[in-house]
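Q: I have a protein model open on my screen and I am new to this. Could you help me learn how to read it?

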Amino acid sequence: MSHSPPRPHTPESGIGVAVSISKLSRHFGGRQVLADFHLRIDAGEFLAVLGPSGCGKSTLLRLIAGLDRPDAGRVAIDSNPWPIAYVFQDPSLLPWRTVLHNVALPLELTGVPKEQRLHAAAKLLATVGLGEAAGRFPAQLSGGMRMRVSLARALITEPRLLLLDEPFAALDALTRQHLDDYLQGLFMARRMTVVFVTHSIAEAVFLADRALVLSAAGGTILTDRPIALPRPRREAVQTTVEFASECAALAQVLAQGHSA
Amino acid sequence: MTHGSRLSAIVPPLVSLLVIGAGLELALLATATPTYLMPRPSVVLSALADNAGELSRATLQTALAASLGLVFSAVFGGTIAVVLSMHPWVRRAFYPYAVFFQTVPVVAIAPMLVIWFGYGIRAITAAAFIVSVFPIIANTLSGLLSTDPALCDLFRIYRAGRLATLLKLRLPSSIPHFLTGLRIASGLAVIGAIVGEFVADTYQAGGGIGTAIEVAIKEQKTDKVFAAVLMASLLGLGFFALVNLASFLSMRHWHVSETKE
């Protein structure tokens, strides 16, 4: 099994990789989910993908991750992005493992020695505020804590490309805001490339450098809009006029996509 | 578990047992039913006390064959399930023959078991194995095939091999299913051993529960028959309780069936 150790990086340059998607097509049964889809994601960019249910957001993410094969077209990721990290809708933890061993799992699967990977997991857990919970099992945690463990597991390999599929959708607003803050802090420190699929316009505007809205059928990009709000964005940014006008613009496109 | 809830778990079945036992006792007394037709509960209990030594030796002997059969079922049933889970083609080719174990009437083939394994514990263990292996295969297989797809994706992202995925993901997530199979199999193994004894027991050291039942029937000691049947039921219950204990110990931290109180 090939494993390249996490390379040293400087926060200024970032560790992100660029992703080029060209002529991508995928259908399931008779339904064309993505048709001739083109997209370029810059290195160290935070991209949010919005769109109605079934518009191909998750399919796009799976194709980028290599979990699914396209009918046509290709996803090119410059330089070695591996390991990619993927955060699922559900925390998707192994229920029979403690938090510590869940977080260490990616390193275990890539052949990192036990002592080293448990040390790394413990260190990372402390930074997400779960140091105390290391010995507990997922069933003993709240939904928000489980999602933090899931995030920590994704981060332990220091991924250069982080894919998130509506990760915080099931959480209450307060927990969600905490995790959004945490994710932003992390992104600013490491500058990995992030693709964040969400249903929430406000979350997209709060987090992303750029937001896409996909159409209900065929995955056409209805709008591709840079979000120019300065970072770090605090919770209070959500009450500003600029924030509201970004949200309104995206909401309008989404509504058109629905009626179209 | 709190003291109150433990009490509330034990009291109702105990009360119902006493009520039904007393009702049966009175009904049989009132109708003056002869003991050889249907012994009263009190007569069965005294037969149990009178033959305590003999019946507990017989129970132990049956327990040995049944537990050997169950262990073989767990080991082979689990292994067969893993092999069947490898590929749809393997399943298509071999699963119908696994169903054979479910449908074969053990009573009918017990004489064949004697021909193959000779009289004694080997044939009896084989009978216990045959009736108890299928629930383990079927349940473990369904567990192995129903691994959370998101977790499978997770392992794919980190390029885990088939063996690592089996050992670290699919086997552990099939444990609850395996234990469900084992729970069903535990009762069946006792039944299989008793049927096996009807045909294959050597009467060595007095024989097992099946032999005790057979002998008591020939001697028309109906009360002793019931006492032996009671012991057989208790043996099945004991097996069931052991599997439940194993289930609790292995899943107490993580599975809803054991973490919810």
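**Reading the model step by step**

Q: Where do the domains of chain A lie?

A: Keep in mind first that this is a predicted model. A domain can be built from separate stretches of a chain, as domain 1 of chain A shows with 19–84 + 161–259, while domain 2 covers 93–158. Taken over C-alpha atoms, the centres of the two domains of chain A are 26 Å apart.

Q: How many residues of domain 1 of chain A are in contact with domain 2 of chain A?

A: There are 9 residues of domain 1 in contact with 9 residues of domain 2 in chain A. On the domain 1 side, helix α5 (residues 173–190) of chain A gives the most, with 3 residues. Sorted by class, that side of domain 1 has 8 nonpolar residues, 1 polar and no charged.

Q: What is the strand order of the open sheet in chain A?

A: Here is the general idea: strands of a sheet pair through backbone hydrogen bonds, either parallel or antiparallel. In chain A, 6 strands form an open sheet with mixed pairing, in the order β5-β6-β7-β3-β8-β9. The edges are β5 (85–87) and β9 (221–226) of chain A; each has a single partner strand, so one side of each has no neighbour in the sheet. From one strand to the next, the twist averages 15 degrees.

Q: In which sense do β3 and β7 of chain A pair, parallel or antiparallel?

A: Strand β3 (residues 46–50) and strand β7 (residues 193–197) of chain A are parallel, paired over 4 bridges. To find one bridge on your screen, look for Leu47(A), whose partner in β7(A) is Val195(A). Helix α4 (residues 143–155) of chain A packs on the sheet, where it touches β5 and β6 (161–165) of chain A. The direction of α4 makes about 170 degrees with that of β5(A).

Q: Which helix of chain B gives the most to the side that touches chain A?

A: The contact takes 17 residues from each of chain A and chain B. On the chain B side, α7 (149–157) and α8 (162–200) each supply at least two residues, and α7(B) gives the most, with 7 residues. By class, this side of chain B has 10 nonpolar, 3 polar and 4 charged residues.

Conventions
Residues numbered from 1 in each chain as written. Chains lettered and ligands numbered in written order. Predicted model: local features only at pLDDT ≥ 70, side-chain atom pairs only at ≥ 80, totals over all residues. Contact = placed C-beta atoms within 7 Å. Nonpolar A, V, L, I, M, F, W, Y, C, P; charged D, E, K, R; others polar. Domains from an automatic or database assignment. Pairing = 2+ DSSP bridges. Axes fitted to C-alpha atoms, helices over the stretch in contact; angles between N-to-C directions.
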